[in-house]
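This briefing is meant to be read alongside the sequence and the 3D view. Please keep both open while working through the points that follow.

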Amino acid sequence: MKSKDWLILSIITFLTVLSWTVYDVYHTVVTSTITPVDKELVKPISPEFDGGILFNLQQKEE
Amino acid sequence: MFPIQINQANYTQRLKVFLQSEEIKAYTMAILSFFAISFFAVFAIKPTLTTFFSLRRQIQDYEEFDKQLEDKINMLLKAQEQYQLYKNNTFLLSQALPTEPQFTYLIKKIEKISEETKTELSRLEINEVDFINSPDKTKSTEDLSNTKLQSENRDYQSFGFQTEINGSYQDSETFLKRLMNTRRIISLLSLKMGKGDLETGGEKIIIEVEGETYFLKK
């Protein structure tokens, strides 16, 4: 192999490693560390309750 | 050993001459630099950067998670307050939507209403209850898949019933009103009216009621 071939090979290696590093960092940045189980845990619930329903039911025949 | 020493000397000499060329020096420096950077990128820079961004992401995620968890705790506290407020009346909900089908309760209730409204209960049928969500055979394939999907998504299950009563118009009306006014949720699916027993003066009417009631899935 000539010196020029070695240079091309080293540049290609460098670019490959660079893109691998960039991709890996990007992947780390965009991937959430919260598990689906945790997400399920923090799902909001509605604390409001329509008391009128109970009143209406009370008026009905048992 | 001697011939090898000669070869090594020659080789060193040739290498020195080779490296004295400016072009070769430049190439060698560039190639070694690229390989060195690549090597350190793989074994030092990449792990460091990945760890750094991973930790930063974790901090962001857990801050957000902590906030959401706090909101959830506040909601649960509010829900608990509401529950304390209506605690004594929650049995009403169980009566409206029981956790069991409670067929006997429904039958007795219909019988009781019929007795109290002086209507004659000539027929009372309860449909089969499908506890494993098998589709209705009378429906088309598309309807079946829709029904099945809806049924799977719902938290409650239903079963139908048919009843036939015979009585005066007023009594039958009262029967229906009372049936619809029970705490247990009942949907009226169809209502058929016809002439009743003519031997009693022709004032009686026959009403066929088809309804549906519900219970919570376990």
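This is a predicted model: local features need pLDDT of at least 70, side-chain atom pairs count only at pLDDT 80 or more; totals for chains, interfaces and linings use all residues.

With a relative accessibility of 47%, F39(B) counts as partly exposed, and its place is in helix α2 of chain B.

**Surface patches**
- F39(B) belongs to a nonpolar patch on the surface, which it forms together with F40(B), F43(B), I45(B) and L49(B), and the accessible area of these residues together is about 520 Å².

**Strands of chain B**
- Strand β2 of chain B, residues 156-168, has 11 of its 13 residues buried, and it is therefore largely enclosed by the rest of the structure.
- Strand β1 of chain B, residues 120-126, pairs with β2(B) in the antiparallel sense over six bridges, and within this pairing L124(B) has T163(B) in β2(B) as its bridge partner.
- β2(B) also pairs with strand β4 of chain B, residues 204-216, again in the antiparallel sense and over 13 bridges; here the bridge partner of F159(B) is T213(B) in β4(B).

**Salt bridges**
- Over all chains, a search of the whole structure finds 11 salt bridges.
- One of them lies in chain A, where the side chains of E40(A) and K43(A) meet with an N to O distance of 3.6 Å; K43(A) is partly exposed, its relative accessible area being 46%.
- Another links R178(B) with E61(A), whose closest N and O atoms are 2.6 Å apart; because R178(B) lies in helix α6 of chain B (residues 169-180) and E61(A) in the segment after α3 (51-59) of chain A, the pair joins two chains.
- A salt bridge between the side chains of R123(B) and E208(B), at 3.8 Å from N to O, ties together parts that are 85 residues apart in sequence, because R123(B) lies in strand β1 and E208(B) in strand β4 of chain B.
- Both residues of that pair count as partly exposed, R123(B) with a relative accessibility of 26% and E208(B) with a relative accessible area of 29%.
- Salt bridges that share partners also join E61(A), K109(B), K112(B), E116(B) and R178(B) into one network.

**Loop residues with positive phi**
- Q102(B), found in the loop between α3 (90-96) and α4 (103-116) of chain B, has a phi near 50 degrees, which is a positive value in a residue other than glycine; its relative accessibility of 36% makes Q102(B) partly exposed.
- K118(B), found in the loop between α4 and β1 of chain B, likewise has a positive phi, of about 60 degrees, although it is not a glycine, and K118(B) is exposed, with a relative accessible area of 68%.

**Make-up of chain A**
- Chain A contains three helices and zero strands, and from the N terminus on its elements run α-α-α.
- Of the 62 residues of chain A, 26% count as buried, while the accessible surface of the chain comes to about 4,500 Å², with 67% of it belonging to carbon and sulfur atoms.

Note on methods: Residues are numbered from 1 along each chain as its sequence is written. Chains are lettered from A and ligands numbered from 1 in the order in which they are written. Side-chain values use heavy atoms; hydrogens and water are left out. Helices (H or I, at least four residues) and strands (E, at least two) are DSSP runs, numbered from the N terminus. Buried means under 20% relative accessible area, exposed over 50%, partly exposed in between (1.4 Å probe, protein chains only). Accessible areas come from the Shrake-Rupley method with a 1.4 Å probe; for residues, only the protein chains shown count as cover. Two strands pair if DSSP finds at least two bridges between them. Patches are made of residues with over 30% relative accessible area and no salt bridge: like charges are joined within 9 Å, nonpolar side chains (Val, Leu, Ile, Met, Phe, Trp, Tyr) within 5 Å. A salt bridge is a side-chain nitrogen of Lys or Arg within 4 Å of a carboxyl oxygen of Asp or Glu.
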